[in-house]
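Welcome! Please take a moment to look over the sequence and the 3D view, and then let us walk through them together.

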Amino acid sequence: ADLAPAQSTLLAAKLPENAQDTIEQCRACHDLDPGMVGPDRISLWGVYGREKASLPGGHYSRALKAAGGRWNDAALDIFLASPAAAIPGTSMAFEGIQEAALRQTIIDYLKALQ
């Protein structure tokens, strides 16, 4: 079996500690590697540039399905600041990231997951 760390883990290891902590919070509900999609675990691999609520097999809230658009810098910044305020009715329980620089670090990390 291949025991090499996944690319998402290697990329996260290069991040500042506060960003690593945030990525660990993401892992509570999301997979970060390719090909991992389940009804309750939407993969963030390739999320940057992807249409919102578009992975086959993913169970998305009605609110996210209705939101439309792609996950770009602006959309991710607004959503990561406060998911509930950005898309009222989202099923994402994460409170958000107040610090703009940390949000940008997380967005840059998500861009690298391609």
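**A walk through the helices**

Let us begin with helix 6, whose 13 residues reach 19 Å from the first C-alpha to the last, close to the 18 Å expected at 1.5 Å a residue. That expected span is 1.5 Å times one less than the number of residues. Helices here are DSSP runs (H or I, at least four residues; strands would be E, at least two), numbered from the N terminus. Before going further, please keep in mind that this is a predicted model, in which local features need pLDDT of at least 70, side-chain atom pairs count only at pLDDT 80 or more, and totals for chains, interfaces and linings use all residues. Residues are numbered from 1 along each chain as its sequence is written, and side-chain values use heavy atoms, with hydrogens and water left out.

Which residues of helix 6 are buried? They are Leu 102, Arg 103, Ile 106, Ile 107, Tyr 109 and Leu 110. These residues lie on the same side of helix 6, because they cover an arc of only 160° around the axis. Here, buried means under 20% relative accessible area, exposed means over 50%, and partly exposed is in between (1.4 Å probe, protein chains only); the arc is that of the directions from the helix axis to the C-beta atoms. The buried residues of helix 6 pack against helix 1 (7-13), helix 2 and helix 4, where contact means heavy atoms within 4.5 Å.

Thr 22 is buried, with a relative accessible area of 6%. Leaving aside neighbours within four places in sequence, Thr 22 is in contact with Ile 97, Leu 102 and Ile 106.

Now turn to helix 4 (residues 73-81), where the buried residues are Ala 75, Leu 76, Phe 79 and Leu 80. They share the same side of helix 4, because their arc around the axis is only 120°. Among what covers them are helix 5 (83-86) and helix 6 (100-112). At the start of helix 4, a side-chain oxygen of Asn 72 comes to within 3.2 Å of the backbone nitrogen of Ala 74.

A pair of aromatic rings is described by the distance of the centres and the angle of the planes. Rings of Phe, Tyr and Trp (its six-membered ring) pair if their centres lie within 6.5 Å; planes under 30 degrees apart count as stacked, over 60 as edge-to-face and the rest as tilted. The count comes to one aromatic pair: Trp 71 and Phe 79, tilted, at 5.1 Å centre to centre and 55° between the planes. Both Trp 71 and Phe 79 are buried.

Next, the loop between helix 2 (17-27) and helix 3 (62-67) holds Ala 53. Ala 53 has a positive phi of about 55° although it is not a glycine, and is partly exposed at 21% relative accessible area. Lys 65, in helix 3, touches Ala 53 and Tyr 60, not counting residues up to four places away in sequence. Is Lys 65 buried or exposed? At 54% relative accessibility, Lys 65 counts as exposed.

Finally, how many disulfides are there? A search of the whole structure finds zero, a disulfide being a pair of cysteine sulfur atoms within 2.5 Å. The sulfur of Cys 29 is 9.1 Å from the closest cysteine sulfur, in Cys 26, too far for a bond. Cys 26 is buried, with a relative accessible area of 18%, whereas Cys 29 is partly exposed at 48%.

Note on methods. A polar contact is a pair of N or O atoms within 3.5 Å; within protein, one must be able to donate a hydrogen and the other to accept it, and residues adjacent in sequence count only if both atoms are side-chain atoms.
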